Amino acid sequence: MDKIRDQIKNPVVIAVLGGIVGLILGLVIGWGIWPVQWYDAAVTDLRQDLQQDYLRMTIDSFAKNNNLAQAQERWQALGDNREEILSDVQIDPRSVTPGDIAKFTAQVAGSVAAPTVNGTQPAGAETVPTEAPATGQRSSLLTIALVVLCVAMLVIAGALAYMFIFRKGRGGLSLAGQAHQASRQAVKTDYTALGEQAPVIQFTTTYLAGDELYDDSFSIDAPTGEFLGECGVGISETVGVGEPKKVTAFEVWLFDKNDIQTVTKVLMSGYAFNDATIRQRLESKGEPVLIMPGDAPIELETATLVLRAKVMEMGYGSGPLPPESYFDRLTLELSIWQKQLQA
């Protein structure tokens with residue numbers, strides 16, 4: 001559940017899940033609740049035993065009313081395998097008599113099947129339409145195409161869901177799952193043991209390389225349940241090219257409900273802090289700060305709140321980029337105190 005909650009803010013994941021749910025609902029409604037009703041199918045789309053019954057009824061009808069044109073039209077509707085169906089009926093006549101079958105074969109099947117010479121029919125042969133209805137064939141092809149399309153979309157949606165939700169990383173967990181586990185295992189600072197006042201609340205947040213949507217935020221509530229504000233950490237700047245993106249700076253921010261502005265500081269890698277161009281660009285977002293393990297906590301202060309961001313663990317990535325240019329991992333502890341306001 002934690003893994004899914006961590007990923008639910010990803011818009012791509014939401015789109016994939018929406019597509020899967022939509023496909024499932026469409027299949028349930030289309031095939032279960034309101035299935036398509038087929039009618040007026042062509043004779044050629046019937047099973048062979050039903051085609052045989054159709055021919056028996058045609059022979060019986062012709063024996064009674066002698067309507068040659070109607071019999072020929074029905075005979076033609078059986079399609080290219082009508083001779084085979086007639087042979088089956090001759091072997092198993094059932095409700096029709098051998099005499100009726102012989103009469104039909106001589107006057108209907110024989111006249112329709114009469115050979116042509118130089119594109120002309122023998123004298124006395126009646127011209128009969130030769131085109132069989134194709135509606136049923138088109139319907140069958142459409143059904144097959146729709147089924148194939150639905151299956152393909154389900155396979156694609158499942159693959160995307162696997163990639164974005166269940167993709168495994170170090171330790172068999174997703175990046176979000178690893179980050180959540182690292183934050184949960186981090187030992188929070190006991191400020192009372194250091195002789196200081198205990199914070200109102202403490203949070204830990206972890207970034208791992210590859211988590212391009214990293215953006216943690218937390219609600220700050222007093223012990224009484226009163227809402228005091230919010231704080232959080234997110235990606236501020238990346239370097240280099242290619243995937244995954246390489247983060248060189250983070251933003252830590254503090255919102256106070258009693259203040260008119262949000263205070264932000266930019267936590268920078270050694271490379272970004274010493275690069276004049278990057279540093280100047282990031283100064284517009286907040287005060288630039290070089291972060292190093294073991295350094296004193298970074299403080300943000302508003303009208304009624306004080307936040308200390310402490311580096312609990314960090315590491316730089318290695319590769320073709322300059323040393324200390326991007327983070328492989330970073331765990332921060334955010335501790336918040338409420339100022340004692342003077343009356």
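**A cis peptide bond in a loop**

Proline 244 lies in the loop that joins strands E3 and E4; helices (H or I, at least four residues) and strands (E, at least two) are DSSP runs, numbered from the N terminus. The peptide bond leading from glutamate 243 into proline 244 is cis, and its omega angle is near -5°.

**The model and its confidence**

This is a predicted model, in which local features need pLDDT of at least 70 and side-chain atom pairs count only at pLDDT 80 or more, while totals for chains, interfaces and linings use all residues. Residues are numbered from 1 along each chain as its sequence is written, and side-chain values use heavy atoms, without hydrogens and water.

The protein chain has a mean pLDDT (the predictor's confidence in each residue, from 0 to 100) of 82, and 80% of its residues reach 70 or more. Over residues 113–135, the pLDDT is below 50; this stretch has 17 contacts (heavy atoms within 4.5 Å) in the model beyond near neighbours in sequence.

**Two loop residues with positive phi**

Asparagine 66 is located in the loop between helix H3 (48–65) and H4. The phi angle of asparagine 66 is near 55°, a positive value in a residue other than glycine. Asparagine 66 has 44% relative accessibility and therefore counts as partly exposed; buried means under 20% relative accessible area, exposed over 50%, and partly exposed in between (1.4 Å probe, protein chains only).

Glutamate 324 belongs to the loop between E8 and E9. Its phi is near 55°, again positive in a residue other than glycine. Glutamate 324 is partly exposed because its relative accessibility is 38%.

**Aromatic pairs**

Nine aromatic pairs are found in a search of the whole structure. Rings of Phe, Tyr and Trp (its six-membered ring) pair if their centres lie within 6.5 Å; planes under 30 degrees apart count as stacked, over 60 as edge-to-face and the rest as tilted. Tryptophan 75 and phenylalanine 104 have ring centres 5.7 Å apart and planes at 75°, so this pair is edge-to-face. Because tryptophan 75 lies in helix H4 (residues 68–77) and phenylalanine 104 in helix H6 (residues 98–112), the pair ties together parts that are 29 residues apart in sequence. Tryptophan 75 and phenylalanine 104 are both buried.

An edge-to-face pair is also formed by tyrosine 207 and phenylalanine 250, at 5.1 Å centre to centre and 65° between the planes. Tyrosine 207 in strand E1 (residues 201–208) and phenylalanine 250 in strand E4 (residues 246–256) are 43 residues apart, and their pair links these distant parts of the chain. Tyrosine 207 counts as buried because its relative accessibility is 1%; phenylalanine 250 is likewise buried, at 0%. Ring pairs join Tyr207, Tyr214, Phe250, Tyr316 and Phe327 into a cluster.

**Nonpolar cores**

In soluble globular proteins, nonpolar side chains tend to be buried together. A nonpolar core is a set of buried Ala, Val, Leu, Ile, Met, Phe, Trp, Tyr and Cys residues joined through side-chain atoms within 4.5 Å. The largest such core here has 29 residues, and those with the most contacts inside it are Ile220, Cys231, Phe250, Val252, Leu307, Leu334 and Ile336. Elements that give two or more residues to this core include E1, E4, strand E8 (305–316) and strand E9 (327–338).

Beyond its neighbours within four places in sequence, leucine 334 is in contact with residues including Phe203, Phe218, Val233 and Ala309. A second, separate core has 17 residues, among them Tyr54, Trp75, Val96 and Phe104.
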